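Visitor: I would like to go through this model with you. Shall we start once it is on screen?

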Amino acid sequence: MPYQYLNVETKGPVGVIALDRPDALNALCTPLIKELEAALAAFDADDAVGAVVLTGGERAFAAGADIKEMAGKTYADCVRENFITDGWEAASHLRKPLIAAVAGYALGGGCELAMMADFIIAAETAKFGQPEITIGVIPGAGGTQRLARAVGKAKAMDMVLTGRTIDAHEAERIGLAARVVPADALLDEALAAAARIAGMGRLAALAAKAAVNAAFETTLAEGLRFERQSFHALFSTADQKEGMAAFAEKRKPAFTGR
């Protein structure tokens with residue numbers, strides 16, 4: 001499908017989605033979110049794609065939700081429209097591994113969108129923040145919840161209550177970003193990581209993502225049961241047989257996703 005606010009392409013086994021609304025620093029308006037939902041669903045359904053990279057531009061990954069779109073809304077409008085709900089969680093529902101490659105500003109909704117990815121690779125130019133309190137509201141797309149889970153209560157309270165912005169190195173230090181790379185290497189690093197993931201057994205990658213996510217949604221005992229069940233289930237796959245045979249034979253495995 002044609003996209004107005006995204007550039008979408010595949011690079012081998014990796015799907016790439018770039019937010020493309022540069023006149024507004026990739027502010028997340030409703031039409032952009034609808035396009036993103038569609039693009040993610042298409043990659044999730046494409047058997048040739050094993051992982052997805054979500055990125056933005058050099059100046060901004062996404063500078064936040066579109067304030068001009070929301071400024072005049074009332075409480076009744078927000079409830080009736082299911083505002084910042086319908087479609088906004090699509091990135092967190094992607095079954096395949098998702099990497100956010102962030103350069104420039106990732107503020108408000110942009111930071112929340114990045115946190116929906118499985119991990120963030122940040123350019124040295126990246127700036128993260130939840131500044132909603134400075135305009136009289138709070139994060140509404142998971143900022144208070146995902147940020148606290150990623151960095152702990154103290155850092156989350158600091159960022160949410162003061163609205164301050166942190167740089168890429170602080171984001172890595174506190175656990176928000178997985179790694180920091182030079183800005184000119186950002187996309188190459190993200191694509192290499194995604195291609196590496198896509199080259200693994202696809203069923204194992206899906207299971208690994210689900211198991212790590214379960215750690216944030218269940219008790220330890222329940223999470224361990226989920227992990228063990230998933231581990232055992234993978235012994236019914238051809239990829240497990242191939243992977244272990246390849247290890248014993250000192251060769252590269254040829255995974256088939258079966």
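Guide: The side chains of Asp66 and Arg21 meet in a salt bridge, N to O at 2.9 Å. A salt bridge here is a side-chain nitrogen of Lys or Arg within 4 Å of a carboxyl oxygen of Asp or Glu. The model is predicted: local features need pLDDT of at least 70, side-chain atom pairs count only at pLDDT 80 or more, and totals for chains, interfaces and linings use all residues. Residues are numbered from 1 along each chain as its sequence is written, and side-chain values use heavy atoms, with hydrogens and water left out.

Visitor: Which parts of the chain does the pair Asp66 and Arg21 link, and how many residues apart are they?

Guide: Asp66 lies in the loop between strand 4 (60–62) and helix 2 (67–70). Arg21 lies in the loop between strand 2 (14–19) and helix 1 (30–45). Helices (H or I, at least four residues) and strands (E, at least two) are DSSP runs, numbered from the N terminus. The pair links distant parts of the chain, 45 residues apart.

Visitor: Are Asp66 and Arg21 buried or exposed?

Guide: The scale is relative accessible area: buried is under 20%, exposed over 50%, partly exposed in between (1.4 Å probe, protein chains only). On that scale, both Asp66 and Arg21 are buried.

Visitor: What is the relative accessibility of Glu242, the salt-bridge partner of Arg251?

Guide: The closest N and O atoms of Arg251 and Glu242 are 2.6 Å apart. Arg251 is partly exposed at 35%. Glu242 counts as buried, at 18%.

Visitor: How many salt bridges does a search of the whole structure find?

Guide: The pairs discussed above include Asp66 with Arg21 and Arg251 with Glu242. The search of the whole structure finds 13.

Visitor: Which strands are the edge strands of the open sheet?

Guide: The sheet has 6 strands in the order 1-2-3-5-7-10, with mixed pairing. Two strands pair if DSSP finds at least two bridges between them. Each edge strand pairs on one side only: strand 1 (6–11) and strand 10 (179–181).
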